[in-house]
Amino acid sequence: MPTEIEIKFRVTDLRSLTGKLRAARFRLVTRRTHEMNTLYDLDGEVLRRRKELLRIRNYGSEWTITHKSGAKRARHSSRVELETGVADGNKMDAILGALGYSPSFRYEKFRAEWASGKGKVVVDETPIGNFCEIEGPSRWIDSTARKLGVSPADYITKNYATLFADWKQATKSPAREMTFKDVHKS
């Protein structure tokens with residue numbers, strides 16, 4: 001089964017990061033594009049308790065469904081990831097509902113994707129700050145991070161739901177979802 005290996009780090013200067021990506025010979029694959037993610041779970045947070053994730057993602061005009069499991073956190077986050085395209089996200093939502101799943105959390109961002117030979121780098125502008133993800137083989141992640149001026153001490157292995165929960169606790173925000181509308185109104 002395919003395994004996703006990645007790290008995140010906070011980005012304070014998007015323009016500087018873009019310059020570093022170009023200097024490291026990354027090519028822009030997808031320009032800044034809106035992305036909406038909806039996580040699903042069963043009553044009693046069955047998937048969450050098993051540290052699994054079921055997600056429908058709308059990225060630009062594309063829809064995908066993803067299942068992640070087997071989370072391991074060391075220096076890098078590693079999970080088994082199964083993902084496939086979906087022709088109609090609204091129908092997929094209805095199918096999941098008919099099977100007993102319901103939306104448990106939504107998060108959105110604007111994402112730009114960059115590529116190099118062995119992996120990819122994505123730059124995410126979220127309602128709680130800007131982040132970068134480096135995804136690929138472990139050694140390549142560390143090498144790419146060094147090229148971008150990021151040390152292992154800066155690595156984040158948490159997912160966006162956990163980062164949002166941490167942000168809520170730190171800011172005392174009443175926001176329920178990591179959407180621009182919900183975060184900015186609170």
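Two strands pair if DSSP finds at least two bridges between them. Helices (H or I, at least four residues) and strands (E, at least two) are DSSP runs, numbered from the N terminus. The model is predicted: local features need pLDDT of at least 70, side-chain atom pairs count only at pLDDT 80 or more, and totals for chains, interfaces and linings use all residues. Residues are numbered from 1 along each chain as its sequence is written, and side-chain values use heavy atoms, with hydrogens and water left out.

Strand β7 (residues 120–126) and strand β8 (residues 129–135) run antiparallel and are joined by seven bridges. V122 stands opposite E133 in β8, and a hairpin of two residues connects β7 to β8. Strand β6 (residues 102–115) also pairs with β7 in the antiparallel sense, over six bridges. Of the seven residues in β7, five are buried (under 20% relative accessible area; exposed is over 50%, partly exposed in between, with a 1.4 Å probe and protein chains only).

The structure holds seven aromatic pairs (rings of Phe, Tyr and Trp, the last by its six-membered ring, with centres within 6.5 Å; planes under 30 degrees apart are stacked, over 60 edge-to-face, the rest tilted). Two of the pairs are tabulated below.

| Pair | Centre distance | Plane angle |
|---|---|---|
| F105 and F164 | 5.4 Å | 40° (tilted) |
| Y107 and Y160 | 5.8 Å | 35° (tilted) |

Y107 lies in strand β6 and Y160 in helix α5, 53 residues apart. F105 is in strand β6 and F164 in helix α5 (residues 160–171), so their pair ties together parts 59 residues apart in sequence. F105 and F164 are both buried.
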